[in-house]
Amino acid sequence: MTKSLRRSGKPLPLRRHLQEHTEPAAVHPLSSHLQDNVAALHAIYAEGSDVTFHAFQINQKIEAVLIFRSELCDTALLDRQILGPLITGIPDNLPLNADTLHRIVPVSSSKLVGTLTEASLNISSGHPILIVEGSSSALTFGLPKSEHRNVEEPTAESTLRGPREGFTESLTVNISLLRKRMKNPNFKMKSISIGQYTHTTVRLAYLEGVTDPAIVAEAMRRLSAIETDGILESEYIEEWISDQPKSPFPQMLSTERPDVVCANLLEGRFALLIDGTPFALVAPVTLFSMLQSPEDYYQHFMMSIFIRWLRYLFYFLSLVLPSAYVAITTYHQEMIPTVLLLSVAKAREEIPFPALIEALIMEIAFEALREAGVRLPKQVGAAVSIVGALIIGQAATTAGIVSAPMVIIVAITGIASFMIPRYSAGLASRLLRFPIMLLAGTLGLTGMMLGMMLIVIHLCGLRSFGVPYLSPVTPTSSSVWRDVFWRSPPGANRNQSSNHRSNRKPGMPIIARQANKR
Amino acid sequence: MIEKGKISLAQMNILIYPAILATSILSVPSITMAHAGHDMWFTPIWGALVGFLTVFIALGLNKLYPERTMIEASTAILGSVLGKIFGLFYMLYLPHLTGVIIRTYGEFIISNALPHTPMYAIMGTMVLVCAINVRSGLEVIARSGQIFVALFVILATFLLALLIGELHPAEFLPIGEKGLRPSIVGALAPAAWLTEFILIAFLLPFVHNRSKVVRKSIIAVLYVTLSMVVINVVCLLLMGDMTTSFAYPVMIAARYITIADFMQHLEAFVIAIWISGIFVKISVFLYVYSLTIAQWLGMKDYRPVVFPTAFLCTVFAYWIARGKSDISGIISASSNLYTLIALLILPSLLLAIGMMRQKISGQGKAAP
């Protein structure tokens, strides 16, 4: 917590200059003289910014200026709902100031603002501002031009069965996707705007009575401590507010599926929706929740248990398989059954490198191929896989640079890392594979164990918003184990969770109980 | 308090389990066999009596001063000068004990897994990992302990189950050939290991749910004893009289495992499992030693002394023995008396004095 505070970067010299420049405006309330206000706003939007200042007369009597960014607001609506009625249709007997106009302009979301900063902030966010002669407050209208991608199937997290809606870049669309699923009025959201320049809106969603209020308060505290120029993606936020940003293990879950967010809200977590990115963040998470797929709950529970165990196994393999191969072929050949040993020895006979170097070459080549495949456009991406399969796979083996068993090991490791449902959770095992390989190459299985110990020590000390990362396995709370090593059929599960809910005192949600239990 | 983390009673017992078994699993079968012959399999049961005694001493000390470790309690019981002298003994004894454990690890790895790797690399890497663990705090030690002990127990049970086909129950006979005396002498080694239950006196102040501590501690002693008995029985039924001739009978036992010509030569696997146990053991003792130093010196935090302590213990690991023959001398019966004095007799004297003082001064002084 203090860490995130300490990380608040010093403002850049340029920014300090800008701040000094705009600072006086912050304390300035709007004056009642129209020309003063317009001049002040003109000074802010002097050059290079495309703000329209449209001067007109209300009821052909009183001077007024409408200030807006034409590319951010719906100008057709603006003309019809604001300009039209104001120029012609105001009854004569009303006093014409911002206060009255607020009540009679036919726009549902209008608001009064009193300072220059607020006014300029609204203009920048695309809300038109109306300043009227003689009024010391201005009127803003919410007439956003909504341009966003359609709701599509999430590409990074596909399931065979389950809803196919994914978040988009638009915050309003994302919120509507959540609200559609969660109709209880206890589904609450807090809003905060982050970023000196981007003023990105971040919404913290939680279920009142289910999410621990202390965790929500802590999250809000960390969010408001962020001091940065801009937020363009959820990862920016994640790195600012994680308990240990230096850990390779993600302490927040990023998802583009509204159903995943809702499921997590029901389990007592909170979610962050960030304007401009389809990825929502969910916290607090544990290692085991990072290894769960939404589909675990959308298919028959026996299959889910099987897949879940398979996933744990392969997560482990993706971390240690190359190291185990290196350790065993280098130090513990006696462990390999004789027949297999002979074929491995035959395959390795022509290879000029020790197993460790061979493994490193192959793993790095594989990571490079993977990265190339992700970055390239889809049409070229296919070419990468052909090059990879032919050159790395076949040609390198025939040329005697790597052995066939090594190719198999790397292939299995690759498949294992693809089995992890969350991309960000797989990063840790991809990264940590290399140091463990080095340890296995120098100290054999002993070294591998030492590497595993270091990882376990790290995981044991890790917390996500106060919740131990390895809970409920350690610290143990056996009632929740059912969802780690098991996935009870829905009936049993529902009983359990409703028990949880009815026994729970307010302010004592599921997650908090895990956290307090050491 | 010097340690802010709190652990549960179960976590404490889980930590103590490998803290006793990790090294005893290696040498107890052959040591007990040397003294007790075919009766060696039930020697740990005699040892358990000492284990219970130790547990009661530790719990007695804790009852006198519930929030203090043995080192802190000693100054309260004996006064500051005598108490500090008492603490000084442990300041000198604990690195010795930890050094022996580290050396055992080094010797074992060198003779079984990495014959060409220098000893300092083997011991140094392990001690470094343990020191990182200890620095992360008691909660982390307890949690990583839970994971590795679970691994240790599950895989060890699995391996022992694979040996069932190779056992010869006839090796039990004759039972009590020379009376009970040999088995009682042989029990000295398991007893010495079971006195390590005095760790409770160091760890209990950090346990948050102490209501069932007596029952749970007795169960812990029973589990440790049972494990020792099982290991002894397996070694006896597998190798019979030959058990004494091996330095590490359990490793020999692992060689017997052959399943379908595929799973064989599982020694490296056994070593990997064992390492997870010894990791917990070294961590626990390193923690207790760092805590002792910090409390003896009246420091506010034990973390700064962890790395120096770890280094000192590694140096002790070199000092205590010249070679492999020396190390087996240190863990054999003659030195068990030394362990018994440090871990059983001195604490019991402390408890006796503490109880007497409490009696004399009446009530009120017990809980300062």
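How many salt bridges are counted between chain B and chain A? The count is 1 salt bridge, and the views below, taken from a predicted model, start with the interface around it.

**View 1. Chain B meets chain A.** Here you can see 32 residues of chain B in contact with 26 residues of chain A. Together the two chains bury about 2,600 Å², and carbon and sulfur atoms account for 73% of that area. Look for B:Leu114, B:Arg143 and B:Ala268: these supply 22% of the area that chain B buries against chain A, more than any other three residues.

**View 2. A salt bridge links B:Glu139 and A:Arg463.** The two side chains meet with an N to O distance of 3.5 Å. Across the interface of chain B and chain A there are also 2 residue pairs in polar contact, both at pLDDT 80 or more.

**View 3. Helices on the side of chain B that touches chain A.** Helix 3 (70-112), helix 4 (119-135), helix 5 (138-162) and helix 11 (267-296) of chain B each supply at least two residues to this side. Helix 5 gives the most, with 7 residues. Sorted by class, this side of chain B holds 16 nonpolar, 12 polar and 4 charged residues.

**View 4. A closer look at B:Arg255.** This residue lies in helix 10 of chain B, which covers residues 249-255. Is B:Arg255 buried, partly exposed or exposed? B:Arg255 counts as partly exposed because its relative accessibility is 46%, and that class runs between under 20% for buried and over 50% for exposed.

Note on methods
Residues are numbered from 1 along each chain as its sequence is written. Chains are lettered from A and ligands numbered from 1 in the order in which they are written. This is a predicted model: local features need pLDDT of at least 70, side-chain atom pairs count only at pLDDT 80 or more; totals for chains, interfaces and linings use all residues. Side-chain values use heavy atoms; hydrogens and water are left out. Contact means heavy atoms within 4.5 Å. Buried area is the accessible area (1.4 Å probe) that two parts lose on being put together, summed over both. A salt bridge is a side-chain nitrogen of Lys or Arg within 4 Å of a carboxyl oxygen of Asp or Glu. A polar contact is a pair of N or O atoms within 3.5 Å; within protein, one must be able to donate a hydrogen and the other to accept it, and residues adjacent in sequence count only if both atoms are side-chain atoms. Helices (H or I, at least four residues) and strands (E, at least two) are DSSP runs, numbered from the N terminus. Ala, Val, Leu, Ile, Met, Phe, Trp, Tyr, Cys and Pro count as nonpolar, Asp, Glu, Lys and Arg as charged, and the others, Gly among them, as polar. Buried means under 20% relative accessible area, exposed over 50%, partly exposed in between (1.4 Å probe, protein chains only).
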